[in-house]
Amino acid sequence: MRPFCLLALCAASPAAGPAVAQQQFDMAGTWEIVAEAEGDAFSHCAARRDVDGTEVRMILLDDAWIFAASVPGTPGAEVTLDIDEALYPVEAEVTADGTRLGLTTDGMEAVRNGTLATLTVGDSVAEIALNGTAAAALRVEDCTYREGQPPEPVDLHTPAPMAEAAPGPGCPAGRDVASAGDGGETELAVTYDGPEAPLQLYWVDPYGRLLPMPAVLEPEAQVKVPAYEGQSFLVKTTTDGACLGETLKAGAQAAYVIR
């Protein structure tokens with residue numbers, strides 16, 4: 001991974017190489033998804049939003065996640081990240097312009113699925129609501145896959161003109177169950193009432209593509225996933241990729257049981 005460097009500082013620093021340019025890739029609720037480029041070369045994608053006066057970014061850089069916030073401090077200051085009353089280890093860079101955290105896999109999963117992050121930098125404390133982070137992280141991953149090139153706009157209410165292969169045994173064609181847009185924020189609860197191997201939950205994006213969620217369904221367990229009304233999900237086995245149960249639709253108090 002390249003050295004930590006707050007994006008605003010990188011863009012202004014002569015030592016950082018070509019000038020950094022950015023363009024909007026998409027929106028995920030209140031999160032703006034942006035693609036960054038150095039000169040003519042794609043660099044990375046990020047999600048950003050303002051939370052009560054604090055600018056927050058989730059950056060996917062060299063296959064690693066970085067959580068940045070405009071909480072200033074003194075270099076070397078003690079930094080802690082608490083998500084829903086659980087502390088997570090971080091590698092931090094603190095400057096007078098903000099703080100940047102390198103997240104572990106567990107830390108990023110907590111950011112995706114958590115409710116409230118408390119970032120402490122020296123004597124400064126910022127509480128950051130994590131609304132919509134799961135959907136925003138998925139769009140950042142999609143932006144990275146596309147190297148920052150936005151997809152062609154489509155009518156979400158009209159099936160794609162080209163038939164797509166079913167995404168696994170017993171699975172519907174992605175275009176037939178594509179998400180119908182981002183409505184209000186909600187939660188999808190899925191219970192796996194079965195003795196088999198763990199199952200993988202997938203989000204079906206508006207273009208019919210299946211993107212894996214960080215949630216893994218263990219036997220006799222339940223997961224709750226932040227979502228937007230109108231989004232579609234499928235559950236697949238981790239052995240042969242076969243779909244189980246019906247298409248899951250996020251809506252008010254949506255709850256499903258997979259057997």
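A disulfide here is a pair of cysteine sulfur atoms within 2.5 Å. With that settled, I opened my notebook.

**Entry 1: ground rules.** I am looking at a predicted model, where local features need pLDDT of at least 70, side-chain atom pairs count only at pLDDT 80 or more, and totals for chains, interfaces and linings use all residues. Residues are numbered from 1 along each chain as its sequence is written, and side-chain values use heavy atoms, with hydrogens and water left out.

**Entry 2: the whole protein.** I looked up the elements and found three helices and 18 strands. Both are DSSP runs numbered from the N terminus: helices are H or I with at least four residues, strands are E with at least two. Of the 259 residues, 46% are buried; buried means under 20% relative accessible area, exposed over 50%, and partly exposed in between, using a 1.4 Å probe and protein chains only.

**Entry 3: the disulfides.** I found two of them. In one, C45 is joined to C143, with an S to S distance of 2.0 Å. Its S-S torsion is about -70 degrees, so this disulfide is left-handed. C45 sits in strand β3 (residues 41-51) and C143 in helix α3 (residues 133-145), 98 residues apart, and the pair links distant parts of the chain. Both C45 and C143 are buried.

Next I turned to C171 and C243, joined at an S to S distance of 1.9 Å. This link is right-handed, with 100 degrees about the S-S bond. C171 lies in the loop between α3 and β12 (185-192) and C243 in strand β17 (residues 243-249), so the pair ties together parts 72 residues apart in sequence. C171 is buried at a relative accessible area of 9%, and C243 is buried at 12%.

**Entry 4: a sheet.** I traced an open sheet of four strands, in the order β7-β6-β10-β11, with antiparallel pairing. Two strands pair if DSSP finds at least two bridges between them. β7 (86-88) and β11 (124-129) are at the edges with a single partner strand each, so one side of each has no neighbour in the sheet. Strand β10 (residues 116-121) pairs with β11 over six bridges in the antiparallel sense. I also noted that T118 has E127 of β11 as its bridge partner.
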